Amino acid sequence: MRSKTSKTMAAIAGAGALTLTLAACGGNGGGGAGAGGETGEPGSQQGETVLRVAFNQNIEHPQAQALLQASDEIYESTDGAYSLQLFTDETLGDQNSTIEQMQTGALDFTIVASPLLESFEPQMAVVNLPYLYTSPEQQVEVLNDPEITGDLYALLEEDGIKVLEAYHAGVRNIYTTDAPVESPEDLAGLKIRIIPSDTNQQMMSLMGGVGTPMAAGEIYTALQSGVVDGAENNEITYNDQSHVETAKYYSRTEHLMLPDYLLASNDVWNGLDAETQEAFMTAFDTSVQTEFDLWAEDTERATNEAVEQGAEIIEVDVEPFREAVLPLHEQIAGDGIPKAVYDAIMASGE
Ligand code: GCU
């Protein structure tokens, strides 16, 4: 259970974050959301204990919106004892550093892209394989089925990380600044930003390019300055993080469907009593569906906005890319827990 002191600390951190972000974005939202007054806005009800959630994108993002709703549900079901406070726009640092803050108990929850967990537990790579899932529905179902992924996620508990939910985070496509990518040959010599992970690095080499790992918040400048020739991401991030300004060619390679995980600090989580954990999990389970539904709408909006800004959406033959990366499947899912998870994913996609 968290103390009053930590509640006060959260409120102070929130106020600081809000001021900073407002200054940085010209008053355009962000910062600490979910601990404001009783305005009726999602996430505005503040519990006696406020648990902090780090998030690297904006407050309009489907994951942020789903969590603000979860916060209200938690507030109601715990009779005002708990709520969440979201720190958006990387206010608390990039995703990797938020995992580290969570491990020390300095942070309660974070949402991170799955490949970042490979450096804590290499066996997590199995859920990050390219061309693995057959549909977003299948992905969310298998990744949130404890029968399939329970043993895998439990491995992270040794690192102080508790996996609570897997969110759908779209289908990733390659986008470039100078010329469209239509085949693996077009990627030759191109530096493409990837999420830092061995699997992503190998994947990009097999696809024909040169993987350049960096945190999400660095991509915009890297594209602008020519440090990278392109990146790969879903439509929401491509548009909303303004990558579209520089990288106009969006090629539907559809190579990855990576989940984002809602993680808790294991210590914080284990400090909550069973009833409170259940209240949180009920709200978080609902947030997976809420996010999923919002995702589809928001992808359409983001795609339209990107096209209005001059993006060219290029349909490509994905087969050569798929064939190039398939050897990774056997390499990563050869035995043990990864093989069991892989086989279950394959069986569920048939
Ligand atoms: C997606 C994903 C984020 C991640 C980002 C990235 O947007 O949802 O969690 O940070 O990709 O490429 O780093």
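User: Which residues does Leu 117 touch, leaving out those up to four places away in sequence?
Analyst: In this predicted model, Leu 117 touches Ile 99, Val 112, Met 124, Leu 156, Ile 161, Tyr 261 and Leu 263, with residues up to four places away in sequence not counted.

User: And which residues touch the most other members of the largest nonpolar core?
Analyst: Leu 117 is one of them, along with Val 126, Val 127, Tyr 261 and Leu 263. That core has 49 residues.

User: OK, zooming out. How many helices and strands does the protein chain have?
Analyst: There are 13 helices and 12 strands in the protein chain. The chain has 350 residues, and 52% of them count as buried. Take the contacts between residues at least 6 apart in sequence: 76% of these join residues at least 24 apart.

User: Let's pick a helix. What does helix 2 look like, end to end?
Analyst: Helix 2 covers residues 62–77, which is 16 residues. From first C-alpha to last it reaches 22 Å, close to the 22 Å expected at 1.5 Å a residue. Its buried residues include Pro 62, Leu 67, Leu 68, Ile 74 and Tyr 75. Asp 72 is also among the buried ones.

User: What follows helix 2?
Analyst: Asp 79 does, and its phi is positive, near 55°.

User: Why does His 61 count as buried?
Analyst: Because its relative accessible area is 2%, and the cut-off for buried is under 20%. Leaving out residues up to four places away in sequence, His 61 touches Phe 55, Ile 236 and Trp 295.

User: Switching to rings. How many aromatic pairs are there?
Analyst: The count is nine aromatic pairs. One of them is Tyr 82 with Phe 280, an edge-to-face pair at 5.6 Å centre to centre with 75° between the planes. This pair links distant parts of the chain: Tyr 82 sits in strand 3 (residues 82–87) and Phe 280 in helix 10 (residues 274–308), 198 residues apart.

User: Are Tyr 82 and Phe 280 buried or exposed?
Analyst: Both Tyr 82 and Phe 280 are buried. Ring pairs also join them into a cluster with Phe 109, Trp 269 and Phe 284.

User: Now the ligand. How many residues surround it?
Analyst: 13 residues surround the ligand, and the closest are Asn 56, Arg 172, Arg 193, Thr 237 and Asp 260.

User: How far is a ligand oxygen atom from an N or O atom in the side chain of Arg 193?
Analyst: That distance is 2.6 Å for Arg 193. For an N or O atom in the side chain of Thr 237, an oxygen atom of the ligand is 2.7 Å away. With Gln 57, again to a side-chain N or O atom, the figure is 2.9 Å.

User: Last one: where is Glu 312 found, and what is it in contact with?
Analyst: Glu 312 is in strand 12 (residues 312–315). Setting aside neighbours within four places in sequence, Glu 312 is in contact with Lys 248, Tyr 249 and Tyr 250. Glu 312 and Tyr 250 are 62 residues apart in sequence, yet 6.0 Å apart in space, C-alpha to C-alpha.

Note on methods. Residues numbered from 1 in each chain as written. Predicted model: local features only at pLDDT ≥ 70, side-chain atom pairs only at ≥ 80, totals over all residues. Heavy atoms only, no water. Helix = DSSP H or I, 4+ residues; strand = E, 2+ residues; numbered from the N terminus. Expected span 1.5 Å × (residues − 1). Buried < 20%, exposed > 50% of the residue type's maximum accessible area, 1.4 Å probe, protein only. Phe/Tyr/Trp six-rings, centres within 6.5 Å; stacked < 30°, edge-to-face > 60°. Core = buried A, V, L, I, M, F, W, Y, C linked by side-chain atoms within 4.5 Å. Contact = heavy atoms within 4.5 Å. Near = heavy atom within 4 Å. Polar contact = N/O pair within 3.5 Å; in protein donor to acceptor, adjacent residues only side chain to side chain.
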